[in-house]
Structures are given as C-alpha cells and as structure tokens.
Amino acid sequence: MENQEKLSNPKKTIEIIQKYKFNFQKKFGQNFLIDGHVLNKIIAGANVTRDDMVLEIGPGIGTMTQYLAENARQVVAVEIDANLLPILDETLKEYDNVKIIHGDILKLDIRALADEYNDGRPIKVVANLPYYITTPIIMGLFESHVPVENVTVMVQKEVARRMEAGPGTKDYGALSLAVQYYAKPYIVANVPCNCFMPRPNVDSAVIRLTCHEKPPVCVEDEHLMFRMVRAAFNQRRKTLVNALSNSPEITASKDQIQKSLAIAGLPATVRGEALSLEQFAQLANVLSGEL
C-alpha cells in the first residue's frame, strides 16, 4: 500500500475519522500514531518476520496493523471498542492475513489463539495501549505463562524507565522487579507527543520485553518474593526490616526477618531499593525456611 494511502499519513487518519464521525473515547485512552518512522521502529524493535504470528492489542483504526500485516505471516488484532470495527473492516480490507477480534484482552484465551494461528509456538505481542491498563495487561500475559516470545509496547516514558531500572536508582521499584523476573527490557525508541492524534500530555517510549525461557533467579515461593517486593516499595523510605514487619502481607515476625537478613548476608539497616532481584529471591528462600 502506498504511503499516502496509509493511516500513518495524518491526512488519511483525519479523512477516516471524519468519514465515520469517530469520537475519541477517554475511557479507552485512544491516541492514534501518525508517524511512519516510529511505526517502522516498532516493527524492527519487535523483530517481526514473515514466520511470525503477531497479537496486536488495541489496533485503533488499524495504523500499526497495516505495517504489521506487511511484515508478519498472521496478525490477530483485539479491539475492545465496537465503534472501531467498521473502520477496521475498511482500513484492513486489502490484507488477508489479519483477523480482528472484538473483545477484552484480559478475558481472552491467548493460548487458544497461539494454538489456532501459530501451532502453539510462542507469539509476538505488539500494542499501543492506554497507559492506565498497560501494567495489568503485561503482567497478565507474563503470569498466565502463555507462549509469548516478546512483548513490544508503547508506554509512558517514565513507565519504560521504571521497567528497565536497576537497584539503587530512583526509577527502581516493584514494577522493575516484576518485569525483569519474566523478561529482559530494552527501550527501542522515545516517542514525542506530537507523533499522536490527539496529542497526549506526556511523551512515550517503545519498550521490548523479551521473555525469559526460565526465570533468571531460583525462588522457591515466587508469591512470597513478590509480597516482599510490594512491602519493601510500599514504604521505600523505611528499612527493609521495618517495611516487611509492618506489612499485613508478611506473616514473619521482626526477629525472623532480622535473622533471615543476616543469613542472606544483608545489613540490618538495608532498604529494599538497594536489593537486586537475585537478593530478593535469596531472602525469600531464607525467609520461607523460617516460616
């Protein structure tokens, strides 16, 4: 398809929006990309090839879907807003390798889609998501252990920084540890707000999360570890001993926590933000032995 006919051309986007009298819905956080360079960076960043099935979450009017369809073997796009379905029928009519599903990604059986369209092999996920739902969707994908090779998403710039942050930095937190337990984050591109219609109030970034074949740390009780992580960062100014012993999610006594820190070779005054994923895993393993 010629570039002037593509939706990455702002004129074409405006034409489609006016033709269908489309109203942007705040509740769905709709901001459509209108920059072909950014779209090419997303395709390259996600390593999309002719062998791939790509699951696109939130295709909008089909801007990125057109680029995906030209580079992937199969695209399955899941859209929650029924008002966009007739638009997608028009903008994607030339592509026979696109399947549109009307639904909520959080309620969809992604494993069944991978079985049907990719013989159960790991799929690639690409999304330009509303910011308020980015984390639940990403964590939902990881925690359900569906076969995913990588997830490439447009997120708020500061969220991308938090996902790839390391210990001791101001952006490091529970999200950094949760994401890095399941995947290796890499920021593909920063995207200024003028690349979207309507223009959002914040700059964005594209981040690729390459899923680990197995977690990078050995932890006996991952639920306990993540309860500890949440407790540590809910009160990040406190020492880890106090943050854990104040948390309703942690049943261990203060003595047990202090003893576990000593066994794990950590100072009694350490704060959670100083611990790496490996140290949290080690501490969880020690503490679960104490409980």
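Modeller: Helices are DSSP runs of H or I with at least four residues, strands are runs of E with at least two, and both are numbered from the N terminus. This is a predicted model, where local features need pLDDT of at least 70, side-chain atom pairs count only at pLDDT 80 or more, and totals for chains, interfaces and linings use all residues. Residues are numbered from 1 along each chain as its sequence is written, and side-chain values use heavy atoms, leaving out hydrogens and water.

Colleague: Let's begin with one residue. In which helix is Lys12 found?

Modeller: Lys12 belongs to helix α1, residues 10–19. Buried means under 20% relative accessible area, exposed over 50%, and partly exposed in between (1.4 Å probe, protein chains only). Lys12 has a relative accessible area of 14%, so Lys12 is buried.

Colleague: And with which side chain does the side chain of Lys12 make a polar contact?

Modeller: A polar contact is a pair of N or O atoms within 3.5 Å; within protein, one must be able to donate a hydrogen and the other to accept it, and residues adjacent in sequence count only if both atoms are side-chain atoms. Here the partner of Lys12 is the side chain of Glu15, at 3.2 Å.

Colleague: Is Gln258 buried or partly exposed?

Modeller: Gln258, in helix α11 (residues 254–263), is partly exposed because its relative accessible area is 37%. From Gln258 to Thr269 there are eleven residues in sequence and 9.6 Å in space, C-alpha to C-alpha.

Colleague: On to strands. How many residues of strand β5 are buried?

Modeller: Six of the six residues in β5 (residues 123–128) are buried, leaving this strand mostly covered. Ile123, Val125 and Ala127 point one way, while Lys124, Val126 and Asn128 point the other way.

Colleague: Which strand joins β5 by six bridges?

Modeller: Two strands pair if DSSP finds at least two bridges between them. β5 and β6 (residues 148–156) run parallel and are joined by six bridges, with Thr152 of β6 as the bridge partner of Val126. Strand β2 (residues 53–57) also pairs with β5 in the parallel sense, over four bridges; Lys124 of β5 is the bridge partner of Val54.

Colleague: Next, helix α2. Which residues of α2 are buried?

Modeller: In α2 (residues 36–45), the buried residues are Gly36, Val38, Leu39, Ile42, Ile43 and Gly45. An α-helix has 3.6 residues a turn, so residues three or four places apart point the same way. Asn47, which follows α2, has a positive phi near 55°.

Colleague: How many aromatic pairs does a search of the whole structure find?

Modeller: Rings of Phe, Tyr and Trp (its six-membered ring) pair if their centres lie within 6.5 Å; planes under 30 degrees apart count as stacked, over 60 as edge-to-face and the rest as tilted. The search finds six aromatic pairs. One of them is the tilted pair of Phe22 and Phe32, at 5.9 Å centre to centre and 35° between the planes. Phe22 sits in the loop between α1 and β1, and Phe32 in strand β1, ten residues apart. Phe22 counts as buried at 7% relative accessibility, and Phe32 at 6%. Phe233 and Phe280 form a tilted pair too, at 6.4 Å and 40°. Phe233 is in helix α9 (residues 222–234) and Phe280 in helix α12 (residues 277–290), so this pair ties together parts 47 residues apart in sequence.
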